[in-house]
Amino acid sequence: MSSREAGGVRQGSPLIPFEIPPDLAAPRPGEPGWLAWIEALPRLVRDVVDEWELTYDGEPMHGYCALVVPVLMADGRSAVAKFSWPHDEEEHEYLLMQALHGNGAALLYRADPARQVMLLERLHSRDLRSVADDVEACEITASFYERIHIAAMPQLRTLTTYIARWTDDLRRLPRDAPIPRRLVEQAISLGDDFVADPASVGVAIHGDLHFENVLAADREPWLVIDPKPMSGDPHYEVSPLLWNRWDEIVESGDVRRAVRRRFHAVVDVAGLDEGRARDWVVIREVHNAMWTLHDADGDLSDGDREWITAAVAIAKAVRD
């Protein structure tokens, strides 16, 4: 299917006034249902724009699993319509955005959970990568924790359900896998402890809060977007702020010090327990390394090896 075919509606229906971005429309053999969603997406966009009385207002944007279309609402307000590929991480995004009602996050104006569509406050394209000081960017992100970490809605999947499964995956990891065995064993032990700990659930956590998911806004200087909500532990949120903007960590010349500066900035601003945050970082980084091995299926690229090295370096930096 060409990008032009993906960007229009067949059978004589009117075209949407843009093409589905080729990077988003590209086939993904490992993702069941992806092609069917891409093929249905143009008609879905047109139908929602018509039903919600929206007007196209700019070129679409996209992440890995969603198309974001700038629109104007009937009352003239700027907004974006977000069309997400149906998957576990996306399913309850609207619940958290609805519950926050704009407190630290983009406002949700309307949602259609059955079609995985949301109408959201339009923010700017500038994100926290534009803040030159990476520690300051970490502090800005951490300042949102208290606002967005509300009581978990009962519909949310629990973090411990995922951790139990991923800990079992770690147990099956070959002993000669290119991840220090002591880190693997520590992540298994910590995973078991957190699964048994009632404090590991009960709070609605973002799940993927990093520099690109905090955008400049008019209503406030910065607002949060794109949660992957779970019922979990706020200490789980720290790790993405350590592996993003990784080139800057390397370029600092002292990886351990640079990682720890970010880590302590987040812990201090958010008022987290240092030991608990550290343990969650170890778990998440070992999981990152494990998933890289699984995805490579025995054929590690240079990029894969660099990612595993980074994950190990982060885990060691906060642990030592």
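Let's start on the inside: Glu-90, Glu-93, Tyr-94, Ala-111, Asp-112, Pro-113, Gln-116, Val-117 and Met-118 line the largest cavity. This is a predicted model, and the cavity in question has a volume of about 40 Å³. The count of cavities of 30 Å³ or more comes to one.

Looking at secondary structure, α5 (93-100), β5 (108-112) and β6 (117-121) each put at least two residues into that lining. Sorted by class, the lining of the largest cavity has five nonpolar, one polar and three charged residues.

## How α13 sits against α14

Now for a pair of helices. The axes of α13 (residues 274-296) and α14 (residues 302-319) come within 9 Å and cross at roughly 165 degrees. With angles over 145 degrees counted as roughly antiparallel, α13 and α14 are therefore roughly antiparallel to each other. The crossing of α13 past α14 is left-handed.

On the α13 side, the contact is made by Arg-278, Val-281, Val-282, Glu-285, Asn-288, Ala-289, Thr-292, Leu-293 and Ala-296. Facing them from α14 are Asp-304, Trp-307, Ile-308, Ala-311, Ile-314, Ala-315, Val-318 and Arg-319. By class, that works out to eleven nonpolar, two polar and four charged residues.

## The second largest pocket

Helix α13 turns up again here: α13 gives the most to the lining of the second largest pocket, with three residues. About 190 Å³ of space lies in this pocket. It is lined by 14 residues, and the closest to its centre are Leu-173, Pro-174, Ala-177, Leu-293 and His-294.

Key
Residues are numbered from 1 along each chain as its sequence is written. This is a predicted model: local features need pLDDT of at least 70, side-chain atom pairs count only at pLDDT 80 or more; totals for chains, interfaces and linings use all residues. Side-chain values use heavy atoms; hydrogens and water are left out. Axes are lines fitted to C-alpha atoms, for helices over the stretch in contact, and angles run from 0 to 180 degrees between N-to-C directions. Helices (H or I, at least four residues) and strands (E, at least two) are DSSP runs, numbered from the N terminus. Angles under 35 degrees count as roughly parallel, over 145 as roughly antiparallel, 65 to 115 as roughly perpendicular and the rest as oblique. A crossing is left-handed if the near helix is turned anticlockwise from the far one by less than a right angle, and right-handed if clockwise. Contact means heavy atoms within 4.5 Å. Ala, Val, Leu, Ile, Met, Phe, Trp, Tyr, Cys and Pro count as nonpolar, Asp, Glu, Lys and Arg as charged, and the others, Gly among them, as polar. On a 1 Å grid over the protein atoms alone, a cavity is a set of points where a 1.4 Å probe fits but cannot get out, and a pocket is an open set with protein on both sides within 12 Å along at least five of seven lines; lining residues have an atom within 4 Å of a point. Grid points are joined across faces, edges and corners, and a volume is the space filled by probe spheres set on the points.
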